[in-house]
Every structure is written in structure tokens, then in C-alpha cells.
Amino acid sequence: MQPLPKEFEEQMKRLLGEAGFFAYLDALNQPYTRALRVNLLLRPDGTPPCPIEGLGAPVPWAKGAYFVEGDARPGLSPLHEGGLFYMQEPSALTAVTALDPQPGERVLDLCAAPGGKSTQIAALMAGRGLLCCNEPIPSRAQILSRNIERMGVRNAVVLSAMPDALAPRFPAFFDRILVDAPCSGEGMFRRQPEARDEWDADAPRRCADRQMEILAQAAKMLRPGGTMVYSTCTFNDTENEGVLRRFLALHPEFSLVPFALPGLPEAKDGYLHLYPHEMRGEGHFVSRLKKADEANAPVQAAPQRKAPARAAAKGKAPAPIALPDVFSGAFAPERLYTAGDALWMLPEGISIERLSGLRVLRTGLLLAHAEGKRSEPDHALAMALRPGEAARTASLTQTQALAYQAGETLSLGDLPGGYTLLCCEGVSLGWGKQAGGLMKNHYPKGLRRR
């Protein structure tokens with residue numbers, strides 16, 4: 001294993017003292033701790049509906065989260081791909097708990113990839129309100145978008161933009177903002193030892209300057225009276241308390257707010273240090289800030305931009321896209337939006353005009369797409385539907401579910417024809433289409449397992 005950088009060791013001795021430093025070193029030589037978080041959109045009480053390999057004690061500071069014991073690999077379960085749970089580092093769960101998002105609010109996750117915290121926010125919002133998830137790096141934004149889809153989130157917009165491009169579009173718009181900032185990653189040294197080679201003594205300063213730029217833009221997008229959580233997975237003062245001191249000096253309308261998370265020390269000063277030798281996790285820094293209230297301050301309107309027209313293919317009229325007859329209920333018609341060959345349902349509280357000109361990967365829930373002259377239900381719709389909401393369902397065993405996710409055609413007996421929501425243990429997996437006594441596989445090719 002790579003040794004720790006000497007400058008980092010000196011830094012940790014100053015932060016922890018000699019006894020704390022040696023306890024930290026001992027923790028680095030122990031196996032890292034893992035957790036999974038049950039999707040509250042599927043199981044609001046946070047209790048898994050069936051045995052999950054390696055599931056241990058609950059994680060006290062996050063509803064529906066459990067430690068994973070030993071060498072168990074629950075991610076291999078077909079229910080993982082069905083969005084029943086998300087594998088997540090335990091201490092990383094603290095930031096969203098401190099943010100405390102509520103159903104019906106407007107929430108921004110500004111540095112969101114790969115999506116653990118965004119999907120945790122979405123679960124606590126229970127499908128109501130608006131969640132904007134942003135990741136500036138396009139390749140990472142694709143991973144974020146995939147996880148939003150896998151976890152069945154209906155009310156999220158996924159963006160890939162720099163914060164300074166977002167701020168003019170969303171002035172004083174959000175009730176809560178999470179800034180889980182890019183950092184020097186000192187909390188990853190046990191789980192990802194190669195991160196030690198990427199650290200140098202100047203890394204905290206470079207990261208702190210970037211974190212200040214991100215926070216400055218986030219401050220513009222938070223409404224008066226709103227809550228912002230600033231977190232990192234690093235330990236040094238420069239990127240944590242140092243950034244907060246610099247930010248508060250420039251933004252007197254913000255103040256640190258004390259908070260308490262179950263099973264952890266109280267954050268009396270508005271921030272909390274978590275170290276791997278003091279809790280079951282890799283370590284995190286979490287702070288909670290409040291923006292001063294302004295009585296009856298309205299949400300500011302963004303500059304209105306006309307959405308660019310989409311040209312039809314030469315010589316062809318665009319195919320009409322209808323709601324497919326695959327679910328028992330109806331979606332709000334005023335929130336349906338057609339873009340090219342896709343039919344979307346917009347989340348509450350957002351307009352296409354506000355998003356115009358931004359790189360948008362996901363505009364709420366993708367319901368259907370055109371295939372020639374017909375409309376077909378999208379995989380995202382399957383992941384968002386619960387079995388009781390679908391017009392036709394079929395239950396698979398776990399063995400059949402794995403075969404389905406590998407792209408195999410299934411023989412499920414005499415079932416009605418048409419698109420069918422295939423489920424396992426009450427978890428939606430995707431579409432099949434019954435024809436000729438066989439269930440044809442419509443699981444996306446790019447997601448299929450070997």
C-alpha cells in the first residue's frame with residue numbers, strides 16, 4: 001500500500017494530536033466500512049422487503065441505511081439494478097441528513113455525480129417538488145443521470161454546467177442547496193489508496209480557491225431564509241473551516257447553524273468533523289449555513305429565453321408521441337413536454353424556458369419515445385412506476401430477473417399481449433412485451449449484464 005505523504009502526516013498530527021494521529025493510522029490499516037441505503041421511494045419505512053446479502057446494523061444518521069458486513073456483494077443482486085438500494089459510503093450519508101430536504105421544496109445538488117446524495121435527497125422529497133442535480137463534467141453527468149433513472153426519481157432535472165452558468169438562471173430560487181465540493185480527497189485514503197499519490201502539499205489551497213468560487217455562485221441561487229450545506233471528504237482546515245471563514249467574511253447574510261445527527265457528536269458550532277477512527281466510515285466534513293431571511297422576498301424570475309425550435313428531419317414530419325397504454329393512472333397533462341422524439345413529464349416549479357441554452361441530460365421523467373409511427377414506453381418510466389401503477393405486470397424469480405437483465409427472452413406462460421412491467425420481489429425492473437407465448441426482452445442493451 002502507498003505510504004502517506006509526509007506533509008499530510010504532519011498536517012494530521014497538528015489536527016489530531018499525537019494520540020489521535022496514531023489512532024487514525026491504526027484505522028487506516030483496518031478494512032473500510034461499507035453501507036447501503038434502501039430507496040425510500042420504494043420502501044418509505046426504509047425496511048428492505050427481502051433478505052439482502054451482508055445487511056448489518058442500521059446506520060444511525062440516515063433513514064433506511066445499513067452497514068454492509070464482511071465480503072458480501074449485494075450490488076450483484078438484480079434488485080440493485082432495479083433501484084431498491086444504493087451502495088454508499090456511511091459518512092457520506094451525513095450531508096443530506098444535515099440538509100434535511102422536504103417534500104415540495106426546490107433543492108439543488110450543485111456537485112452531484114455520481115448521484116448518491118442526489119438520490120438520497122430525492123428519496124426524502126418523496127417525489128414532490130423540484131430536484132436539480134448538476135455535474136459540470138459531462139462524462140460524470142452521464143453516470144449521475146443513469147443513477148437518477150435507476151432509482152426511479154420522477155422529479156429531477158439533470159444538468160451539466162459550471163456554477164457560474166447556472167446562477168443567472170436561478171437567482172434566489174432554491175430552498176436548499178447542497179455543495180458537496182470537489183476536494184483533495186483525504187477521506188478516501190483508506191478506501192482508494194491510489195488517492196494518496198494524487199495529493200500534494202499545495203492541493204488544499206488549490207481546492208479551497210475552487211470551493212470558494214462554487215460557494216459564491218451557490219449563494220446567489222439560495223432564497224432568503226434558505227439552507228445550504230457545505231461538505232467535503234477531506235480533513236484539512238484550509239478546505240473546511242478556512243473556506244467557511246473566507247466565505248462568511250464575504251457573505252455576511254450567511255451564518256453557521258448548529259445541528260445534530262443521530263449517533264454523532266452535536267455540531268454546536270455549525271460544522272462537524274468525522275474521522276475514520278471515531279466513527280464507522282471514511283470521514284467527512286459537514287457544515288450547515290442559513291441565509292438571512294427577508295420578509296416576503298419573492299423568488300426572482302430568470303431572464304426569459306425562447307426555447308430553440310427543433311428542426312424535423314428533411315422530408316419527414318415529426319412522429320406524434322402519445323402516452324403509451326402501460327399504466328393505470330394518468331400524468332398531469334399540463335406538465336407533459338415533447339422534445340424531438342421523446343415525451344417528458346416536467347417536475348413541478350420548472351419551465352423549459354428557464355433551462356434553455358443549458359446542457360440538460362434529463363428533464364424530469366422520460367415517459368415515451370417515438371419508434372417510427374408508434375410510441376414506446378421508455379425504460380425510465382418502468383423504473384419510476386410501482387407494480388400497482390402498471391396496467392400489466394409479471395413477477396420474476398431472482399434467477400429469471402438475472403436472465404432478463406442479461407437480455408434473454410423469457411417464457412412466462414399464457415399472458416396478455418403488449419408491454420408488461422417485469423418485477424422481482426415487488427421491485428420494477430423494466431419492460432417486456434408478450435408476443436407469441438414469449439416475453440420479448442426490452443431491457444436497454446447498454447445496461448445488460450453478462
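Strands β2 and β3 (residues 65-68) pair in the antiparallel sense over 2 bridges; two strands count as paired if DSSP finds at least two bridges between them. This is a predicted model, in which local features need pLDDT of at least 70, side-chain atom pairs count only at pLDDT 80 or more, and totals for chains, interfaces and linings use all residues. Residues are numbered from 1 along each chain as its sequence is written, and side-chain values use heavy atoms, leaving out hydrogens and water. Strands (E, at least two residues) and helices (H or I, at least four) are DSSP runs, numbered from the N terminus.

An open sheet of 4 strands runs in the order β2-β3-β1-β4, with antiparallel pairing. Its edges are β2 (55-58) and β4, each pairing on one side only. Pro58 stands opposite Tyr66 in β3.

Now turn to helix α4 (residues 116-125). Because 9 of its 10 residues are buried, α4 is largely enclosed by the rest of the structure; buried means under 20% relative accessible area, exposed over 50% and partly exposed in between, with a 1.4 Å probe and protein chains only. Among the buried residues are Gly116, Lys117 and Met125. Just after α4, Ala126 takes a positive phi of about 55°.

Lys117 also leads us to the largest pocket: with Ala113, Pro114, Arg140 and Asp180, Lys117 is one of the lining residues that lie nearest its centre. A pocket here is an open set of points on a 1 Å grid over the protein atoms alone, where a 1.4 Å probe fits, with protein on both sides within 12 Å along at least five of seven lines; lining residues have an atom within 4 Å of a point. The largest share of the lining, 4 residues, comes from α8.
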